[in-house]
Amino acid sequence: MASTLKVLGSLLALLFPLCGLLVHSQNLSWREFMKQHHLSTNWEFSKYKCNDLMRERGIPKDKNYHIFIYALWHKIEHICLRNWRDRYRNVYIWAPYPFKTLKCIRKNSKSNYKDYKSYSYLEFHCSMKGFVDVVEDTQLLEDISN
């Protein structure tokens, strides 16, 4: 009996780190989304510039535009929450509140972008795992002067 518990304990000790990796690996699209679209509120919104962001974040140059979202990360994470314990999966959802956005539109040159700052309502796609993975659509509420 004692040897069985030792073996079982050793097996669980080996499997525990693997379970942690599995849980964290499920949110790769969420992490990638946040890396590519989220702007930290630790900086002033006016300090963010498209040319710098597009270069620093490694956004593909073949895109004509890219949207960055200036908000606390949990406001974006909660978009796909249906209730306190369930998530929307594989659906499109309009956020119930506007976000400050920075839309970077490529100029004639492939490496230069024009900044368009606004308050906009955003439509997000919730992945099969229940996390935001795409900004699908925008509805302009108000321009913000540069």
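Reply: What follows starts with the basis of the values, then turns to the aromatic pair, the core and a few sites elsewhere.

The model is predicted, so local features need a pLDDT of at least 70 and side-chain atom pairs count only at pLDDT 80 or more, while totals for chains, interfaces and linings use all residues. Residues are numbered from 1 along each chain as its sequence is written, and side-chain values use heavy atoms, with hydrogens and water left out.

The pLDDT, which is the predictor's confidence in each residue on a scale from 0 to 100, averages 83 over the chain, and 80% of the residues score at least 70. Over residues 11-27 the pLDDT is below 50, and beyond near neighbours in sequence this stretch has 3 contacts in the model, a contact being heavy atoms within 4.5 Å.

The chain holds 4 helices and 8 strands, taken as DSSP runs (helices H or I of at least four residues, strands E of at least two, numbered from the N terminus). Along the sequence they follow the pattern α-α-β-α-β-α-β-β-β-β-β-β.

A search of the whole structure finds 7 aromatic pairs, where rings of Phe, Tyr and Trp (its six-membered ring) pair if their centres lie within 6.5 Å, with planes under 30 degrees apart called stacked, over 60 edge-to-face and the rest tilted. The rings of Trp30 and Phe131 have centres 6.0 Å apart and planes at 40°, so this pair is tilted. Because Trp30 lies in helix H2 and Phe131 in the loop between E7 and E8, the pair ties together parts that are 101 residues apart in sequence.

Relative accessible area under 20% means buried, over 50% exposed, and in between partly exposed (1.4 Å probe, protein chains only). Trp30 is therefore buried at 10% relative accessibility, and Phe131 is likewise buried, with a relative accessible area of 13%. The charged end of Arg87 sits over the ring of Phe131, 4.1 Å from its centre, the criterion being NZ of Lys or CZ of Arg within 6 Å of the ring centre and within 35 degrees of the ring normal. Under that criterion the charged end of Lys117 sits over the ring of Phe45, 5.2 Å from its centre.

Leaving aside neighbours within four places in sequence, Val132 is in contact with Ser29, Trp30, Phe33, Ile76, Ile79, Cys80, Phe124 and His125. Phe33, Tyr97, Phe99 and Phe124 form one aromatic cluster.

Away from the pair, Trp43 is found in the loop between strand E1 (38-39) and helix H3 (50-57), and counts as exposed at 52% relative accessibility. Setting aside neighbours within four places in sequence, Trp43 is in contact with Tyr48 and Tyr70.
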